[in-house]
Amino acid sequence: MLKIFDYLFGMFSTDLAIDLGTANTLVYHKGKGIVIREPSVVAVQKMNNGQQRVLAVGMEAKKMLGRTPGNITAIRPMKDGVIADFDITEEMLRYFIHKVHNRKTLVRPRIVICVPSGITQVEKRAVKESAESAGAREVYLIEEPMAAAIGAGLPITEASGNMIVDIGGGTTEVAVISLAGIVYTKSVRVGGDKMDEAIVQYIKRKYNLLIGDQKAETIKIELGEAYPGTAVRTMEVKGRDLVSGIPKTHEINSDEIREALSEPVNAIVDAVKICLERTPPELAADIVDKGIFLAGGGALLRNLDTLIREETGLPVFIAEDPLSCVVLGSGKSLDELDLLRSVAVSS
Amino acid sequence: MIEFPLDIILPVWNRPVDVRAALASFVSDSPMARIIMVNNGSERETESILDEFAEALDDRALLVATARNIGTIAALNLGFSKSTAPLMLVASPFTRLSAGWFESVAAHLANRPDTGSLKIAKAITSTSSPSIESDHGSFDSMIIRNTLYSAIGGFDENMDGSLWALRDFARRSLTKGFLTESLFSRNLTLLDYRELGSDSKRKERIFSARECYMLRWGGQRTFLLNCGDFLFGTDASSLKNALLQTARHGDRVVLTAENSIARELKSYGFAGMHENVSFQPLPRFFSQRALARIIESTLALDAAAFLISDSPEFEAGLQKLSFEDFLAMTDKRNELYC
């Protein structure tokens, strides 16, 4: 009986693809494209009876980060690419699903969710259950590098080897894909967040200046680079002096930020090298020809492609829209159900 | 320390499901063997399966690991270097040998001390002969004597992943007096799998391995011998030896004979003597038409094929060669490479 209702409600709902990222959540609406691109942040108010009430989700909640009173906390439910708080993630998913469907509560869409390749069966099951209880009729999980490769337009169903590096907020996934399957993958818990953290620590160590995560992200976007560029860029950074406790301004430059980012960037380069070393010669030969594709927000770090090219000696390309690659790839798989079934992972 | 009569060399790169199934099958159906698992840079999931088997099997397993993927042939060579058993089985995660397979192999090898490597091939019909001399072995199921390995070493790593590496191994075996054979077995099942990597790159690799082989052993030649009553002025046994020698060096031989003589040759074992020798008796009627068809297919195989005919006036659009010249060519190659 329930199945009949599911079928009927399914007829009125449209399929969704969700890139549940550490930093941002993107939602792809079949036939419409990307409809939501919001930070993965939820503002929660603690009630007197111990229960939690969701106050805001996404952009609205991000604005509250670090500026909330005691009983309100802005939470990032995803940490290091995996769900750290299932209840909050479920709330966030429900919010996004309802937002896409204009708050119609009866619709039950088919959803494709991207998950990092390194997550365990238990974590996969948990993501699936979260989506189901958030209102999904059918849930498919796709590994992020696979979705990124589809989004980048790589010929994943062919026997030839394709290498994709998806640098997200919490994790970097390096994968070799062939015959619609991930034949080798390496996931490191280094991404945009670790880069921000590295900038905060560097400025703290060098100038005794404390800056917030959002400021660190701005510095990364403005000055961040992985390999020396043609010009040195500078910017003024405001923060709190750790010795005097008074707000202070310092000028920093791109050379310093490159130094600050060297550790997380090297971790990414090492992951690429390990993946290449462990790829059998028959697939490595294809990668030598076709090169390495970079996707995810981290791919936008200036000269990261140059650094990887320098370190590996292989051609490196940045996907056309690296930030949306994963969600676009999963969206594309929604259009081709056969492809979706062949690339979806079991949970 | 237990001495095993056989070491199974299994190079592994991911495919955890197939690896687990292959190991389980070797453990239950090859109780006489030690399994040498060469972890060729696999991921954690496969690695933990190998660890699990290595721990559970204790002396019956040896786990060797490489930090990076060194290619299948290099991984096999690494496995060979760790082997102590008199026989080694080259296997893949797609090889399944059912219980009782080793007994027939051991019995066959006991009767053939000259056989250095034995390809286990799937028996197709019940009437096919149990074994045949072979041009090359197989990466999926091949027995190699340790004495042969000690004499010539492993596979050539410059010819990774191709048939040419197997052919080169067979030619090198011959230089030390070892033969390569195929044994047809009902115990063998090879699971289907699609090779990874693009076709174009595979072709490039095969081409470069072929070049390497050609440089070492010369090109593969094709000889069409049209045998009449005269039998090229020699006896059947000498003819058979000459043909075998040619075939063992990797050349192809197509032997045709009129119905009456063909029966006699068959009784001398000309049929099924070597994979490279194709014995094609001509029918009693329309024999010339049948011969024309054989010539056509030989030319399609190799446009530079040689014709050796008992009747000198026979013309077929092939380069003509006298039987003496054919023997001289074979002897020259034998002197050069053996």
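Predicted model: local features only at pLDDT ≥ 70, side-chain atom pairs only at ≥ 80, totals over all residues.
Helices here are DSSP runs of H or I at least four residues long, and strands are runs of E with at least two, numbered from the N terminus. N303(A) counts as partly exposed because its relative accessibility is 23%, and partly exposed covers the range between under 20% (buried) and over 50% (exposed).

A180(A) also turns up in a loop, this one between β12 (172–178) and β13 (181–188) of chain A. Its phi is near 60°, again positive in a residue other than glycine. A180(A) has 13% relative accessibility, so it counts as buried, the cut-off for that being under 20%.

Now for a sheet. Strands of a sheet pair up through backbone hydrogen bonds, in either a parallel or an antiparallel way. In chain A, three strands form an open sheet in the order β14-β15-β16, and the pairing is antiparallel. The edges are taken by β14 (209–210) and β16 (247–253) of chain A; each has a single partner strand, so one side of each is left without a neighbour in the sheet. Strand β15 (residues 234–241) of chain A is joined to β16(A) by seven bridges, with the two running antiparallel. For K238(A), the bridge partner in β16(A) is T249(A). Packed on this sheet is helix α7 (residues 213–223) of chain A, which touches β15 and β16 of chain A. The direction of helix α7 makes about 165° with that of β15(A).

How values were computed. Residues numbered from 1 in each chain as written. Chains lettered and ligands numbered in written order. Heavy atoms only, no water. Buried < 20%, exposed > 50% of the residue type's maximum accessible area, 1.4 Å probe, protein only. Pairing = 2+ DSSP bridges. Contact = heavy atoms within 4.5 Å. Axes fitted to C-alpha atoms, helices over the stretch in contact; angles between N-to-C directions.
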